[in-house]
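Reader: I would like to learn how to read the features of a protein model one at a time, with the general idea set out before the particular case. Could you take me through this one?

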Amino acid sequence: MGYGLPSQVNIRGVPGQHGVLMLVDGMPLNESRGGFMNINEVPMNAIEKVEVVRGAFSSLYGTDAFSGVVNVRTKDPGAGPRAEVSGGAGNEGFYQAGVRASVGDKALGCTVTADKRAIDNYLGREHVIEQAWDPVGMRMVEVSRDAENYDYADQRFLGKFTMDLGKDASLAVHARYFEGELGYGQKELMPVYPQPEDDVIESRTTLLGASLEGKVSDRTAWSFQGYH
């Protein structure tokens, strides 16, 4: 839980940054430059199923699909209007609250999911061990610090609009927004008389895309996709 923390998906022993392609409804979750994947961007209550394809599939899926592909399928609009509310609380000041609503059905409808999460100390411990330079002994030493500034909070939004364009064609429009703030401990800005300051990572991602697909026959299908 937390953007910037070490998290990756390995398939066949290949590290996930540029080895595994992560998709949400066919839209990439990997960053375009670094390949970093933020698996926190999709709320759990919006997920219908997770598809895993093992093997080298860059020729079919494009870059980052060296060892495999993981595609997260989100829920389609249900029959008629409906709404779901979820919430929870736990240790270290953790809380989560979310809502999911949909209207119409897959032939013509939309669904939106939004939630907010926060925790005061995602480490779950009172102290951290860090390495620091000892100018007297001229060596690196281990230092125990209080676990300060290890809080995390994020807000997530996921929307999907679906529409049938005839017997053998359909359109889906996807919108995704993520905003998070991660406390990454403290850093010392002055080497002689250190003054620790909070190290904070702020992140914001937005995606808007559409997919158009259909079939010509039972053995021939086509699809077009675009996103920004």
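Author: Let us begin with a single residue, keeping in mind throughout that the model is predicted. Ser102 is found in strand β6, which covers residues 95-105.

Reader: Is Ser102 buried or exposed, and which residues is Ser102 in contact with once its neighbours within four places in sequence are left aside?

Author: A residue counts as buried when its relative accessible area is under 20%. Ser102 has a relative accessible area of 6%, and is therefore buried. Leaving aside the neighbours within four places in sequence, Ser102 is in contact with Pro77, Gly78, Gly80, Pro81 and Arg82, and also with Cys110 and Thr111.

Reader: Turning to the surface, which residues form a nonpolar patch there?

Author: The patch is made up of Trp133, Met138 and Met140, which together have about 360 Å² of accessible area. Of these, Trp133 lies in strand β8, residues 127-134, and because its relative accessible area is 48%, Trp133 is classed as partly exposed.

Reader: How should I read a pocket, and how much space lies in the largest pocket here?

Author: The general idea is that rolling a probe the size of a water molecule over the atoms shows where empty space is left. In this model, the largest pocket holds about 1400 Å³ of space. It is lined by 50 residues, and those closest to its centre are Leu23, Asp25, Gly26, Pro28 and Gln225. Several elements each supply at least two residues of that lining, including β1 (20-24), β3 (47-54), α1 (58-61) and β13 (221-227), while the largest share, 7 residues, comes from β11.

Reader: Where does Asn38 lie, and is Asn38 buried or exposed?

Author: Asn38 lies in the loop between β2 (27-28) and β3, and because its relative accessibility is 3%, Asn38 counts as buried. The C-alpha atoms of Asn38 and Val24 are separated by 11 Å, the two residues being 14 residues apart along the chain.

Reader: How many salt bridges does a search of the whole structure find, and what parts does the pair of Glu41 and Arg176 tie together?

Author: The search finds 12 salt bridges. In one of them Glu41 pairs with Arg176, with the closest N and O atoms 3.2 Å apart. Glu41 lies in the loop between β2 and β3 and Arg176 in strand β11, so the pair ties together parts that are 135 residues apart in sequence. Both Glu41 and Arg176 are buried.

Reader: Which residue does the side chain of Lys49 meet in a salt bridge?

Author: The partner is Glu51, at 3.8 Å from N to O. Lys49 is partly exposed, with a relative accessible area of 45%, and Glu51 also counts as partly exposed, at 28% relative accessibility.

Reader: Which residues are linked with Lys160 in a network of salt bridges?

Author: The network links Lys160 with Asp25, Asp76 and Lys106. The side chains of Lys160 and Asp76 meet in a salt bridge of 2.9 Å, N to O. This pair links distant parts of the chain, with Lys160 in strand β10 and Asp76 in the loop between β4 and β5 (82-89), 84 residues apart. Lys160 is buried, with a relative accessible area of 7%, whereas Asp76, at 30% relative accessibility, counts as partly exposed.

Key. Residues are numbered from 1 along each chain as its sequence is written. This is a predicted model: local features need pLDDT of at least 70, side-chain atom pairs count only at pLDDT 80 or more; totals for chains, interfaces and linings use all residues. Side-chain values use heavy atoms; hydrogens and water are left out. Helices (H or I, at least four residues) and strands (E, at least two) are DSSP runs, numbered from the N terminus. Buried means under 20% relative accessible area, exposed over 50%, partly exposed in between (1.4 Å probe, protein chains only). Contact means heavy atoms within 4.5 Å. Patches are made of residues with over 30% relative accessible area and no salt bridge: like charges are joined within 9 Å, nonpolar side chains (Val, Leu, Ile, Met, Phe, Trp, Tyr) within 5 Å. Accessible areas come from the Shrake-Rupley method with a 1.4 Å probe; for residues, only the protein chains shown count as cover. A salt bridge is a side-chain nitrogen of Lys or Arg within 4 Å of a carboxyl oxygen of Asp or Glu. On a 1 Å grid over the protein atoms alone, a cavity is a set of points where a 1.4 Å probe fits but cannot get out, and a pocket is an open set with protein on both sides within 12 Å along at least five of seven lines; lining residues have an atom within 4 Å of a point. Grid points are joined across faces, edges and corners, and a volume is the space filled by probe spheres set on the points.
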